[in-house]
Amino acid sequence: MYPSNYRYTKEHEWIRIENGIGTVGITDYAQHELGDVVFVELPKAGAKLSAGQSFGTVESVKAVSEIYSPVSGEVLETNTSLANEPEKINKDPHGAAWLIKLKIANAAELNTLMDAAAYQTYISEKQKEAAH
Amino acid sequence: MRYLPKSPSERQQMLAAIGVRSMEELFTSIPAAHRLNRPLNLLGPLSEMEIIDYFRARAAENSCGYTSFLGAGVYNHLRSVVTDALIQRGEFLTSYTPYQPEISQGTLQAIFEFQTLMCQLTGQEVANASMWDGSTALTEAVLMAQRLTGRHQAIVARSLHPEYRDVLATYARNVSLEIDEVAYTPTGQIDAAALRTAVNDATAAVVVQSPNFFGVLEQVPELAEIAHAKQALLVVAITEAVSLGIVRPPAEADIVAMEGQSFGLAPSYGGPFVGVIATREKFVRQMPGRLTGQTTDHAGRRGFVLTLATREQHIRREKATSNICTNQALCALAAAIHLCLLGKEGLKELAQQNLAKARFAAAELAKIPGVQRAFSGPSFNEFVVELPRSVKMVNADLLQDKIIGPLPLSGFYPELSKRGLVCVTETTPRAEIERLAASLRQILDRPV
């Protein structure tokens with residue numbers, strides 16, 4: 001379910017690294033919690049983000065949620081196809097519905113994020129809490 | 001909920017529950033210097049008869065028989081008893097925010113109709129369920145432009161209502177918004193050439209009013225072109241909504257902020273009024289306040305709900321689009337009923353009467369030696385006159401004839417001493433306009 005080559009945040013974003021470029025999206029858990037996504041607001045290319053900084057919003061029929069950058073970096077590209085097809089986030093959150101591509105400023109920050117196994121444990125604890 | 005005060009024993013129970021012995025102990029954290037150590041200076045309890053007598057006596061102090069030529073953002077217009085009768089129905093008068101569509105279809109549909117009317121009048125694609133008043137609507141429109149453009153400068157026409165400029169300046173102080181002003185020309189319109197120079201890559205919004213504070217119509221298409229050339233947004237404020245009966249809607253504007261008082265709300269003491277924000281559909285997610293939308297229920301029947309509520313404060317708290325988006329539902333309802341009573345042709349005829357009477361008044365006043373129009377631009381139902389002496393002094397004399405004269409502009413515009421803003425609506429009889437002219441002629445004939 002959660003790709004082993006991705007890293008994850010407590011706010012339910014994922015990041016995948018290729019050649020110093022990070023691709024960021026929200027996790028399957030996040031899209032499930034949000035419900036049907038109807039609108040996505042993304043930054044402009046060139047925006048400089050620090051780790052943990054809010055860079056946009058995802059709006060579902062139930063709520064509007066902030067999205068936070070997993071690491072520091074500069075926005076190289078945003079997924080413009082989401083403007084017309086925000087529902088992609090519900091269908092393919094870990095793939096086609098990536099949100100932004102980042103030029104990573106400090107690769108060491110990646111070590112602070114969870115790997116897939118840690119994230120699985122994290123969300124199963126969340127689900128237990130919710131069940132209580 | 002019953003609005004009854006607590007009994008002494010209930011108070012004791014409440015104090016005991018939080019672990020304090022007395023009210024005195026509860027308030028010890030407030031420094032003595034800031035505490036009231038005497039009873040409030042209020043009248044003692046009165047019987048029902050005494051209360052009625054008291055208010056009859058106060059009502060008798062009201063002045064009557066005066067003719068007013070004041071406008072400047074608040075207008076005397078005819079109102080129908082039908083409007084008051086309908087809005088006083090309990091279903092409307094005491095209803096709360098329609099969060100639950102299953103019990104609020106009437107209120108939601110009324111808001112939907114209001115929004116539709118506001119779109120038709122302003123030439124915009126989407127209007128919200130209303131704002132507190134015109135001045136807060138304008139300010140929210142500028143904040144919206146700031147969010148949409150990511151820029152932090154607003155260029156404001158000096159001919160925008162001075163009190164609207166004050167409200168905007170109050171908000172601007174804490175949101176890193178810089179405000180620059182552009183002057184007016186002898187026409188009374190904004191100096192378009194100066195505006196073109198002033199607008200730059202940091203400009204979020206160009207803010208004008210039309211008809212402006214001097215009653216003069218602005219050239220909205222040209223101003224939109226100037227703003228858009230630098231990717232800034234054009235915000236158009238309207239304080240006299242009746243003008244839309246004959247004035248071309250500001251369709252080129254990106255956001256329209258309007259005061260709806262002219263549509264069926266009494267001037268009262270300056271409120272309650274109703275603000276309007278209307279904009280382009282692509283900006284809807286940055287529009288403050290709530291929006292009612294039409295939908296269908298599970299059986300496919302037409303119904304109404306709050307739309308985009310996910311961006312409101314009860315869900316988003318401090319991240320809401322606005323936390324000051326008080327909705328004036330009852331006033332909005334009054335405006336919607338008023339407009340439905342008037343109809344399209346009625347509103348047009350009403351606006352034509354305002355225009356015709358104001359033109360007549362301007363011509364009558366201009367015949368008086370020493371009196372002239374201050375600005376040459378086209379106007380609606382207000383215009384500025386220049387007198388040979390202080391407007392305040394002249395007004396004191398007019399008051400003796402039971403005439404409330406033009407608004408002296410020197411308080412708002414030091415450069416406009418001896419100028420007064422005259423407002424004439426359909427409620428001003430021709431005979432009263434002639435009486436103003438005669439009285440003014442007499443006053444100016446007398447030595448100072």
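1. Chain B is divided into domain 1 (67-77 + 344-445) and domain 2 (81-338). The model is a predicted one. Taken over C-alpha atoms, the centres of domain 1 of chain B and domain 2 of chain B are separated by 28 Å.

2. Where these two domains touch, domain 1 of chain B contributes 24 residues to the contact and domain 2 of chain B contributes 24 residues. On the domain 1 side, H12 and strand S12 (382-386) of chain B each supply at least two residues. H12(B) gives the most to that side, with seven residues. By type, the residues on the domain 1 side divide into 13 nonpolar, nine polar and two charged.

3. The largest nonpolar core has 115 residues, and the members that touch the most others in it are Val206(B), Val207(B) and Val235(B). Helix H12 (residues 329-366) of chain B gives the most to this core, with 16 residues. Domain 1 (67-77 + 344-445) and domain 2 (81-338) of chain B both give residues to the core, so it lies between them.

4. Leaving aside its neighbours within four places in sequence, Val207(B) is in contact with residues including Val142(B), Ala154(B), Ile155(B), Val156(B) and Ala157(B). Val235(B) is also among its contacts. A second, separate core has 27 residues, among them Tyr29(A), Leu42(A), Val75(A) and Ile123(A).

5. Chain A has three helices and nine strands. Along the sequence they follow the pattern β-β-β-α-β-β-β-β-β-α-β-α. The radius of gyration of chain A is 14 Å, close to the 14 Å that the globule rule gives for 132 residues, so chain A is as compact as a globular protein of that length. Its C-alpha atoms fill a box of roughly 40 × 35 × 20 Å along the principal axes.

6. Of the 132 residues of chain A, 33% count as buried. Among contacts in chain A with a separation of 6 or more, 63% come from residues 24 or more positions apart.

7. Strand S8 (residues 73-78) of chain A runs antiparallel to strand S5 (residues 48-49) of chain A, and two bridges join them. In this pairing Lys48(A) stands opposite Glu74(A). S8(A) also runs antiparallel to strand S9 (residues 100-104) of chain A, with five bridges between them. Here Thr78(A) stands opposite Ile100(A).

Methods:
Residues numbered from 1 in each chain as written. Chains lettered and ligands numbered in written order. Predicted model: local features only at pLDDT ≥ 70, side-chain atom pairs only at ≥ 80, totals over all residues. Core = buried A, V, L, I, M, F, W, Y, C linked by C-beta atoms within 7 Å. Buried ≥ 20, exposed ≤ 12 C-beta atoms within 10 Å, placed from the backbone. Helix = DSSP H or I, 4+ residues; strand = E, 2+ residues; numbered from the N terminus. Domains from an automatic or database assignment. Contact = placed C-beta atoms within 7 Å. Pairing = 2+ DSSP bridges. Rg over C-alpha atoms; globule rule 2.2 N^0.38 Å. Nonpolar A, V, L, I, M, F, W, Y, C, P; charged D, E, K, R; others polar.
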